[in-house]
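Here is a short briefing for someone meeting this structure for the first time. It begins with one pair of residues and then widens to the whole chain.

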Amino acid sequence: SDVSWGYELSRDTIDSTNLETHSRTQDGFYMELTPHLAENLHLNIGFREDYYGDFGWEASPSISASYKALEHITLRGSAGRAYRIPTFTDLYYNDAANRGRSSLSSESSWSYEAGAGFNYEAFSIDAAYFHRDSYDTIDWIRYSSNNPWQASNIGTAKANGLELSFSLLPEQIY
C-alpha cells in the first residue's frame, strides 16, 4: 500500500477600500491510502479535515476505484464530499447594486460518478454518469429589480449529467 499525508497552514488577508480589512486562518490535514489489492483493481481512499476559525471543521472524504474487467474495458466509480467557504466578496462586498452577507455558511456537496472506458490501439471511447447534491449553496440573488443582489445560502441544488468522449489517434495505427 502507498500512504501519503500532510498538514497545511494558511492565512488569507484582504485590505480593501470596499471590503475593509479581514483575515482568516486555515489549518488542514490530509491522508490518502492506495492499497495494492490486485493487478486489475485500483482503489484510492482519501480524507481531508480543515478548520477555519469563522466556519469550524469541514471534512472531505473520498473514495475511488477502477477495475479492468476485460482486456480493453475498464469500469470505474467514485464518491466524495467537497465544500466551499464564502469568499471575502461573498461576505463583505457592498455597493449600490450588491450586498455581501457576513452570516453566510459554507456550502457543501456530495458527488458520485460511475463510468466505463474502452481502449483498443488508436481508438478509445469513454462514458460516465455523474450526480451532485449541493447543500447551503452560495449564490447572489435578488427578489426584484429594485433590490440589490445579495449573497445568500440558497438551499440545495442537484445536478445530473452524462459525459461521453471518444478519440482516434491515426498516428498510432501504423
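Arg99 stands opposite Gln150, a residue of strand β11. The model is predicted, so to speak of local features a pLDDT of at least 70 is needed, side-chain atom pairs count only at pLDDT 80 or more, and totals for chains, interfaces and linings use all residues. Residues are numbered from 1 along each chain as its sequence is written, and side-chain values use heavy atoms, with hydrogens and water left out.

**The sheet**
- Strand β7 and strand β11 (residues 149-153) run parallel and are joined by two bridges, where pairing requires that DSSP finds at least two bridges between two strands.
- Three strands form an open sheet with mixed pairing, in the order β7-β11-β10.
- Because β7 (98-99) and β10 (138-141) stand at the edges with a single partner strand each, one side of each is left without a neighbour in the sheet.

**The chain as a whole**
- The chain has one helix and 12 strands, which are DSSP runs numbered from the N terminus (helices H or I, at least four residues; strands E, at least two).
- Along its principal axes, the C-alpha trace spans about 65 × 40 × 30 Å.
- Of the 174 residues in the chain, 25% are buried, meaning under 20% relative accessible area with a 1.4 Å probe and protein chains only.
- Among contacts (heavy atoms within 4.5 Å) between residues at least 6 apart in sequence, 50% join residues at least 24 apart.

Notes
Buried means under 20% relative accessible area, exposed over 50%, partly exposed in between (1.4 Å probe, protein chains only).
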